[in-house]
Amino acid sequence: MNVKQIGIGCEYATYHELRQNNVVAQGWQELGDMSYLLTVDSPWNYFSCLGENTKGWVNTFNHFFAGSKFNSGDIVLAYEGTRLLGICEIPEKHLYFYDDRLDKYRNTVFPVNWVDWNQFCDVKSLSKCGGQGVSGVENCRKKKVLEFIKNNWTSYKIENKLSLFPSDCLEMYEERKKQLPQRIKESKQQIERRMEQYNIDSYKTLLKQTKNMILSGAPGTGKTYLAKLIAKGIVGEERFDLNSEMVQFHPSSDYTDFVEGLRPIQNEDNTIGFKRQDGIFKAFCAKAVKDTENNYVFIIDEINRGEISKIFGELFYSIEPSYRGQKGKIQTQYQNLVAVDDIFNDGFYVPENVYVIGTMNDIDRSVESMDFAMRRRFTFKEVTAEDRIDDILNNDVLGQLSEESISKIKFKLRNLNKKISSIQLLGESYHIGPAYFAHLKHLCNDKKEPDFEALWQLHLKPLLHEYLRGLPNAVTLLTELKTVYDE
């Protein structure tokens, strides 16, 4: 006989709510609908995204669901603090259901037939539990309580003709059973969104602390998309278009594009002259200076594809987090041409409310390593394929693909990356990002199943061929990778 207990807080009326609705329930409704977690083997990663109460929630999940679910025949005790209020037994027909009709305790097991503890254990019997009358149940020792239940519960059920499954719950039970698959699907989507938000929050915290951050990682890990999500978290989604800017560096990017430079203009007499103009970053900072109440995020995609020292120039000094604001003021190359009424007329600086996010691909052989002086001014955060697999390969991205197909996609991705890790001179830096597998949304056969062969031929094979170029056994390795991918 397995005996479990639930705590119902300090509201006595709550027990009557559980009894009235024929449910075993637990608090922590902040968890939301946990039905999906009961279908997976390792639900524990989810709890890391729940903040400071993580330990309590993990304990709740462990205790309430015993790692998976209640079993028929389990005895459940409802406590208010140390006071024992009721007892029930889980019937053979029961299900987990997130009951949003309830005010507080929505994670429920339904249906059960509660028996008040005082009804089951009369006053004369309380002494066997170490109590001192009805109100003395709170002093019962658990060992004595369990012993009393073991010795008396079965006979109590027989004598009172207790039905474990309340007859008036049958119709609702059948209706909820029909709803459960859709509830599980919605629960999965909710959990995935919450975990993505948790990941975004961790990046936001890091960016706020350091001002400058570079997301580095293998191709296809969704770094640019992630940078935009972080920016939305910093400036607010409603202000994203106004308070953020993105530029992509390339070999032709230079100081005049980024900071300031002389640009050709046509004069009134049709002659050609030159005028100093702010570059995209300086203009962005000017906007931020005038709006100190709000945050601004500047995203530099492919930051290492440009010649950093040529693009930033003297900004190496002012972009450093410890020199933000007026104390980091510098004289730019064309400072003598800056107008008197310009907000940076006596020198340029990067405002305190400007945050910079860069993205870079360390393994791209076509670009040089990033300047070490610039590296010192940025915090680097690696974005791995595994970090982003659930954020990218889900129903929101892959559309109407089945859960079975999505699981197969993830399996193939992980299998392929495991093989890549074992290849000398490659390793984890050359993992395939999940964004490559997101192409399967549009690569489907007539049965609307993902066409893995098309993905290999069109996207994966060309990338892996480039990875393996120059290795003496490249052809053999590519064949081995295809074998692993086809498993």
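I began with arginine 414, which is partly exposed at a relative accessible area of 35%. The model is a predicted one. I then looked up the partner of this arginine: glutamate 386 forms a salt bridge with arginine 414, with the closest N and O atoms 2.7 Å apart. Glutamate 386 lies in helix H13 and arginine 414 in helix H15, so the pair ties together parts that are 28 residues apart in sequence. I noted glutamate 386 as partly exposed too, with a relative accessible area of 45%.

Other salt bridges.
I searched the whole structure and got 22 salt bridges. In one of them the side chains of arginine 19 and aspartate 116 meet, at 2.8 Å from N to O. Arginine 19 sits in helix H1 (residues 12-21) and aspartate 116 in strand E7 (residues 115-116), so this pair ties together parts 97 residues apart in sequence. For relative accessible area I have 31% at arginine 19, which is partly exposed, and 21% at aspartate 116, also partly exposed.

I recorded both lysine 157 and glutamate 89 as buried.

Helix H15.
I went back to H15 and found 19 residues, reaching 27 Å from the first C-alpha to the last, close to the 27 Å expected at 1.5 Å a residue. Its buried residues include Ile406, Ile409, Lys412, Leu413 and Leu416. I then checked what covers the buried residues of H15, and the cover includes helices H13, H14, H16, H17 and H18. One of the buried residues, lysine 412, lies over the face of phenylalanine 452, at 4.9 Å from the ring centre.

Nonpolar cores.
The largest nonpolar core has 35 residues, and I listed Ile432, Phe437 and Leu460 as those with the most contacts inside it. H13, H15, H16, H17 and H18 each give two or more residues to this core. H17 gives the most, with nine residues. I listed the contacts of phenylalanine 437, leaving aside neighbours within four places in sequence; among them are Leu398, Ile409, Lys412, Leu413, Leu416, Leu460 and Tyr485. Apart from this core lies another, of 32 residues, among them Val289, Ile311, Phe348 and Met360.

Aromatic residues.
I counted 24 aromatic pairs. Tyrosine 430 lies in the loop between H15 and H16 and tyrosine 467 in H17, so the pair ties together parts 37 residues apart in sequence. Tyrosine 430 is buried at a relative accessible area of 12%, and tyrosine 467 is buried at 5%. I also noted one aromatic cluster whose members include Phe249, Phe281, Tyr296, Phe298 and Phe316.

Tyrosine 355.
My last entry is tyrosine 355, in strand E13 (residues 354-360). It counts as buried, at 8% relative accessibility. Beyond its neighbours within four places in sequence, tyrosine 355 is in contact with residues including Leu207, Ile234, Asn295, Tyr296 and Phe298. Asparagine 295 and tyrosine 355 are 60 residues apart in sequence, and I get 7.7 Å between their C-alpha atoms.

Conventions. Residues are numbered from 1 along each chain as its sequence is written. This is a predicted model: local features need pLDDT of at least 70, side-chain atom pairs count only at pLDDT 80 or more; totals for chains, interfaces and linings use all residues. Side-chain values use heavy atoms; hydrogens and water are left out. Rings of Phe, Tyr and Trp (its six-membered ring) pair if their centres lie within 6.5 Å; planes under 30 degrees apart count as stacked, over 60 as edge-to-face and the rest as tilted. Helices (H or I, at least four residues) and strands (E, at least two) are DSSP runs, numbered from the N terminus. Buried means under 20% relative accessible area, exposed over 50%, partly exposed in between (1.4 Å probe, protein chains only). A charge sits over a ring if NZ of Lys or CZ of Arg is within 6 Å of the ring centre and within 35 degrees of the ring normal. The expected span of a helix is 1.5 Å times one less than its number of residues. Contact means heavy atoms within 4.5 Å. A nonpolar core is a set of buried Ala, Val, Leu, Ile, Met, Phe, Trp, Tyr and Cys residues joined through side-chain atoms within 4.5 Å. A salt bridge is a side-chain nitrogen of Lys or Arg within 4 Å of a carboxyl oxygen of Asp or Glu.
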